[in-house]
Amino acid sequence: MTELPLLDDNDVSRVLCVVAHPDDMEYGASAAAAKWARQGKQVSYLLLTRGEAGIRGMHPDEVAPLRADEQREACSIVGVDDLEILDFPDGLVEANVELRHAIAKKIRQFRPDAVMVTTWRLETSWGLNHVDHRNVGVAAIDAIRDADNPWLFEDLAESGLPAWKANRLLVNGAEPNYAIELSAEDVDKGVRSLEAHKVYLEALPDHPVPREMVTMIASETGARAGVEYALPVQVIDM
Ligand SMILES: [Zn+2]
């Protein structure tokens with residue numbers, strides 16, 4: 001008996017992935033992005049920060065462009081060519097109206113069916129969650145509603161971005177209620193997309209080996225869903 005149903009994502013054609021930092025998509029989620037790109041779906045990444053405070057021994061001015069380059073490389077490996085990186089302050093992201101406006105703007109521009117985020121919960125399976133992940137997750141939920149409300153952010157409507165409803169929220173790192181089936185090739189691309197964050201990972205000597213970690217997530221979830229590989233995901237109808 002399988003405990004996790006496979007997500008039927010046939011009716012999804014446009015997925016907007018909203019995360020705080022370069023590398024946040026690369027802990028399994030980018031393998032799903034690779035699958036969707038392979039299937040011809042449109043996938044866009046919106047990063048709210050440049051991750052400039054992420055390398056202890058290196059100045060943020062040096063880190064920001066380096067991590068953007070690593071993220072571009074990660075995106076090219078999984079076949080995502082729509083990457084936007086904003087400059088909210090890494091480590092100090094607040095779930096405020098400015099952040100919601102930025103995310104709602106992207107939703108109205110890209111018009112996704114589904115929005116993918118990382119979990120906003122404080123306690124996760126891997127430990128206590130980072131403040132930027134928490135705040136970006138919460139702001140993304142609010143921004144999905146904001147984007148669909150014609151009376152909010154009227155400046156966006158005035159600039160030609162009318163209300164848009166994204167119907168589904170896909171949450172990474174939360175208690176899953178679905179699994180997204182992945183091919184071995186998708187998983188391999190997911191691994192290589194994490195490996196693309198080379199300098200960042202080199203600065204974290206205790207970081208798990210990307211191939212072992214991503215493959216383990218995909219094969220454990222696959223076993224729960226009755227397939228070889230899958231990504232665990234919480235799906236919430238909006
Ligand atoms: Zn992060």
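**View 1. Asp23 sits in the loop between strand 1 (14–19) and helix 1 (29–38)**. Helices (H or I, at least four residues) and strands (E, at least two) are DSSP runs, numbered from the N terminus. Asp23 has a positive phi of about 90°, although it is not a glycine. Because it has 22 C-beta neighbours inside 10 Å, Asp23 counts as buried (20 or more other C-beta atoms within 10 Å of its own, with C-beta atoms placed from the backbone). This is a predicted model, in which local features need pLDDT of at least 70, side-chain atom pairs count only at pLDDT 80 or more, and totals for chains, interfaces and linings use all residues. Residues are numbered from 1 along each chain as its sequence is written.

**View 2. Phe153 lies in the loop between helix 4 and helix 5 (154–158)**. Here, too, is a residue that is not a glycine: Phe153 has a positive phi of about 55°. Phe153 counts as buried, with 21 C-beta neighbours inside 10 Å.

**View 3. Helix 3 (residues 97–110) meets helix 4 (residues 131–148)**. Their axes (lines fitted to C-alpha atoms over the stretch in contact) come within 8 Å and cross at roughly 55°. Residues in the contact include Leu99, Ile103 and Ile107 of helix 3, and Ala140 and Ile144 of helix 4.

**View 4. Val115 and its contacts**. Leaving aside neighbours within four places in sequence, Val115 is in contact (C-beta atoms, placed from the backbone, within 7 Å) with Leu16, Val18, Ile107, Ala140, Ile144, Ala166 and Leu169.

Definitions and conventions. Two residues are in contact if their C-beta atoms, placed from the backbone, lie within 7 Å. Axes are lines fitted to C-alpha atoms, for helices over the stretch in contact, and angles run from 0 to 180 degrees between N-to-C directions. A residue is buried if 20 or more other C-beta atoms lie within 10 Å of its own, exposed if 12 or fewer, and partly exposed in between; C-beta atoms are placed from the backbone.
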